[in-house]
Amino acid sequence: MELVCPAGTPSALRTAVDAGADAVYCGFRDETNARNFPGLNFTPQELAQGVAYAHDRGAKVLVAINTFARAGGTNLWHRAVAQAIEARADALILADLGLLAWASRAYPAQRLHLSVQAAAATPPAIRFYAERYGIKRVVLPRVLTVNEIAGIVAEIPCEAEVFAFGGLCVMTEGRCLLSSYATGESPNMNGVCSPAAHVDYRQEGTTLAARLGGFTIDRYSAGQPAAYPTLCKGTFMVDGKANHIFEEPTSLNVLEILPALKAAGVSALKIEGRQRGKAYLAAVVRQFRSALDALEAGRTLPASTLGALTEGGRETTGAYKKTWR
Amino acid sequence: MVDMAPSSSGVPNAAFGIGKGSLPWPIATFMSTLPLAPLEIAGNQVLRTALDCRPGMFSRLDVYSGKLFAIDPVDCPFVFLLEPRVENPSLRVRTSLDGVSWDARISAVMLVLLGLLDGTYDGDALFFTRDLVIEGDTAAVLALRNAIEDAELDPGLLLGAPNLAAPIVSGSIRRAANVMRRLLGAPTSAQVPVGTFP
Amino acid sequence: MLEARETGAVSLTLGPVLFNWPTPMWTDFYARIADEAPVDRVVIGEVVCSKRSPFRMDVISDVVERLERAGKEVAISALALPTLKREIAEVAGLAGCGHLVEINDVTALAAIAGTPHLVGPLVNVYNEETLAELESLGSVTVSLSPELPLSSIAILGAARRKADLEIFAFGRAPLAISARCYHARAHGLPKDGCKYVCEQDLDGLEVETLDGQSFLAVNGVQTLGSGVTVLGQEISQLHAMGVSRLRLSPHTCDMVAVANAYHDLLDGRLAWSELASTIEALNLPAGIVNGYLHGKSGAVNVS
């Protein structure tokens with residue numbers, strides 16, 4: 001299985017490649033990608049340099065242009081496609097039906113991957129994208145069990161990539177408007193979820209209140225682990241009781257089910273976290289590199305040492321196990 | 001925009017759970033007797049060196065480069081005020097934040113702040129465990145964090161060591177800092193082992 | 001009466017009931033819609049959870065027939081997130097059901113491409129190129145995502161060729177869909193043993209912030225905004241942009257009264273301010289919002 005790792009900055013790209021990534025994915029410094037965060041991402045020149053660095057070391061670069069183009073602004077997305085190809089990107093990761101149609105006509109030879117933001121979760125949907133737009137790989141939504149993944153892989157004409165580690169969307173990606181409901185900005189339109197510009201942390205007596213767009217997402221008492229106020233990981237009231245009604249702050253970690261994912265026919269594993277620092281990246285990439293090497297060699301998998309890098313210090317195998325639902 | 005009302009009191013360590021790895025009180029007491037001017041001069045020297053090596057560093061901040069960042073080593077009797085303008089950035093040292101209207105405040109013990117600067121620590125992990133506290137403009141803090149992350153500020157580079165010597169200097173400083181972190185009980189779990197990546 | 005430049009009058013679509021209403025209530029609701037509501041098109045069928053549909057299997061053909069006898073155009077809606085083999089087969093099977101179908105994901109699009117169909121608001125249509133692509137695949141109405149601002153709608157309206165544009169005008173806006181059932185989770189039940197607890201919340205389960213502020217509403221695997229979208233003053237502007245259909249999403253309040261109010265507004269017999277007060281008096285599940293259309297957060301009301 002190919003190890004696909006995030007790079008929010010050129011130095012993160014080099015870190016990931018040096019730590020053993022088979023491929024690195026990244027995006028431009030604008031709303032064309034789903035991690036449009038302050039201070040992150042690549043200029044076209046930085047991308048070209050990053051691709052050269054990766055290619056020199058046998059690694060690939062995949063460029064995410066995976067937001068939904070703004071009406072009247074599709075030129076920006078077209079330009080991103082052209083610039084990524086010019087930088088010699090190995091594949092483009094797209095989600096928007098219109099952009100897929102355009103890119104597959106304009107650059108028929110270019111390798112395209114279907115972003116998780118397209119939320120293609122069934123064999124007929126994936127076959128549609130493969131037959132009509134020629135996608136060579138689908139990044140599967142995080143809504144499927146391992147058994148379902150095996151069933152899908154058997155029925156599709158392209159590779160399947162799944163999420164292996166990092167932040168976890170509990171809603172189907174690309175089909176979630178929670179962020180814009182609270183802040184006016186969403187992953188689909190703006191490439192941001194629960195954007196930092198709308199976050200307010202405030203010490204209120206002995207508790208720390210975390211708000212997003214004026215809505216209280218959580219409160220932390222002294223000494224309690226805090227989290228970023230991602231909407232779906234907040235504490236809310238239902239029937240007078242406070243609970244993480246959608247999901248606890250937690251991180252996905254598939255280390256323990258790697259053999260099952262391999263058996264399911266998965267082609268690539270994706271590490272989430274273009275917004276995370278190099279310390280995180282180096283640790284996670286190295287752990288998965290050694291685990292994948294062990295798996296290929298038939299050795300025992302190393303135990304996870306990544307607990308401290310996870311949100312709220314908790315890990316989950318998420319939707320991959322049916323009980324999660 | 002976010003609310004930016006600063007609290008005028010010091011960081012309530014106990015309430016935040018911050019403070020693992022604090023410098024021992026004799027050192028802090030001793031530091032409080034030192035004049036701030038030399039520290040400010042040294043700080044600006046480091047900033048200039050960093051920008052000489054990484055001229056594009058603050059341009060990554062984009063719209064956030066005009067913000068005033070209060071960087072508060074909670075175990076030291078002083079705070080840094082950073083304005084990371086692309087042209088003419090400034091670093092000042094003050095004894096307190098009284099009367100300062102900062103946009104964003106970043107608080108942690110000194111050893112943690114230094115570890116963030118050189119990439120030893122993962123800022124998100126420290127934040128989740130509340131060894132690092134952020135107030136004010138969260139987006140500005142993220143932009144600064146990402147700019148510093150990308151700049152690969154090794155200790156040797158920051159101290160102006162010549163190119164060939166810089167990795168050696170960096171290595172020994174990192175090792176020394178990690179010995180101190182262990183001795184003082186600073187967070188260890190969010191660290192990357194010394195010397196395993198360039 | 002409002003006349004569009006190209007599309008003629010604005011018409012009303014009743015969206016599918018998104019909630020798990022008991023079958024007798026569901027049947028009675030559609031009987032009354034057939035007899036009394038001035039809506040032109042009725043989209044009917046289970047969008048959220050396939051476990052709910054078996055209860056309506058016995059009655060749906062009667063309900064559809066009654067609506068058609070009353071002169072309504074009926075479209076069958078597809079499941080939003082099919083994952084089980086049975087669900088995928090069900091969605092694919094809709095292509096041959098003999099009725100107009102409203103798709104809610106690409107699984108359904110793949111099944112029906114080339115045949116005229118409707119596109120529901122859960123399909124991502126954000127720009128003119130996606131709209132053109134769907135038109136080339138046979139989409140005749142595209143119901144736009146509630147998230148879209150007026151600036152985008154204007155461009156889509158100018159670019160549309162074959163497809164009617166529909167706007168989400170009334171109801172709690174659907175915000176997200178998941179593999180996990182939050183209703184079951186809130187009751188401490190596994191999804192497979194959910195005991196159909198979603199049947200207790202006919203307009204969705206209220207989710208408040210820790211400060212007691214209304215925020216979201218849970219409907220099984222779906223999450224909606226708590227605020228009730230009510231568009232009114234914007235409708236003449238939307239019409240001028242090329243929007244020719246208004247979608248009313250069913251709630252337990254008097255939907256015939258809602259449809260009448262919109263019908264009267266479109267006929268010029270009711271002013272926008274009167275529509276607002278008429279609808280506000282209908283015992284809505286929450287306050288009115290319209291922020292999305294104005295490029296703001298969906299939870300706010302821009303007057």
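Is Arg160(C) buried or exposed, and how many other C-beta atoms lie within 10 Å?

Analyst: This is a predicted model. Arg160(C) is buried, because 21 other C-beta atoms lie within 10 Å and the cut-off for a buried residue is 20 or more. The residue sits in a loop of chain C, between H6 and E7. Leaving aside residues up to four places away in sequence, Arg160(C) touches Leu131(C), Leu165(C) and Gly242(C). Leu131(C) is 29 residues away along the chain, yet its C-alpha atom and that of Arg160(C) are separated by 7.1 Å.

Helix H6 (150-159) and strand E7 (164-178) of chain C each give two or more residues to the side that touches chain A. In total, 52 residues of chain C are in contact with 53 residues of chain A. By class, this side of chain C has 26 nonpolar, 15 polar and eleven charged residues. E7(C) also pairs across the two chains: two bridges join it to strand E8 (residues 171-176) of chain A, and the two strands run antiparallel. Within E7(C), Ala176(C) stands opposite Cys176(A).

Another part of chain C shows how a helix can be buried along one side. Helix H1 (residues 23-36) of chain C has 14 residues and reaches 20 Å from its first C-alpha to its last, close to the 20 Å expected. Its buried residues are Trp26(C), Tyr30(C), Ile33(C) and Ala34(C). Seen down the axis of H1(C), these buried residues fall within an arc of 100°, so they line one face of the helix. An α-helix has 3.6 residues a turn, so residues three or four places apart point the same way. The buried residues of H1(C) pack against strands E1 (11-14) and E2 (41-44) and against helices H2 (57-69) and H9 (255-267) of chain C. Turned away from that buried side, the other face carries the exposed residues Pro24(C), Met25(C), Asp28(C) and Asp35(C).

Last, the chain as a whole. Chain C has ten helices and twelve strands. Its radius of gyration is 18 Å, close to the 19 Å that the globule rule gives for 303 residues, so chain C is as compact as a globular protein of that length. Of those 303 residues, 56% count as buried. Among contacts in chain C with a separation of 6 or more, 64% are between residues 24 or more positions apart.

Conventions
Residues numbered from 1 in each chain as written. Chains lettered and ligands numbered in written order. Predicted model: local features only at pLDDT ≥ 70, side-chain atom pairs only at ≥ 80, totals over all residues. Helix = DSSP H or I, 4+ residues; strand = E, 2+ residues; numbered from the N terminus. Expected span 1.5 Å × (residues − 1). Buried ≥ 20, exposed ≤ 12 C-beta atoms within 10 Å, placed from the backbone. Arc of directions from axis to C-beta. Contact = placed C-beta atoms within 7 Å. Nonpolar A, V, L, I, M, F, W, Y, C, P; charged D, E, K, R; others polar. Pairing = 2+ DSSP bridges. Rg over C-alpha atoms; globule rule 2.2 N^0.38 Å.
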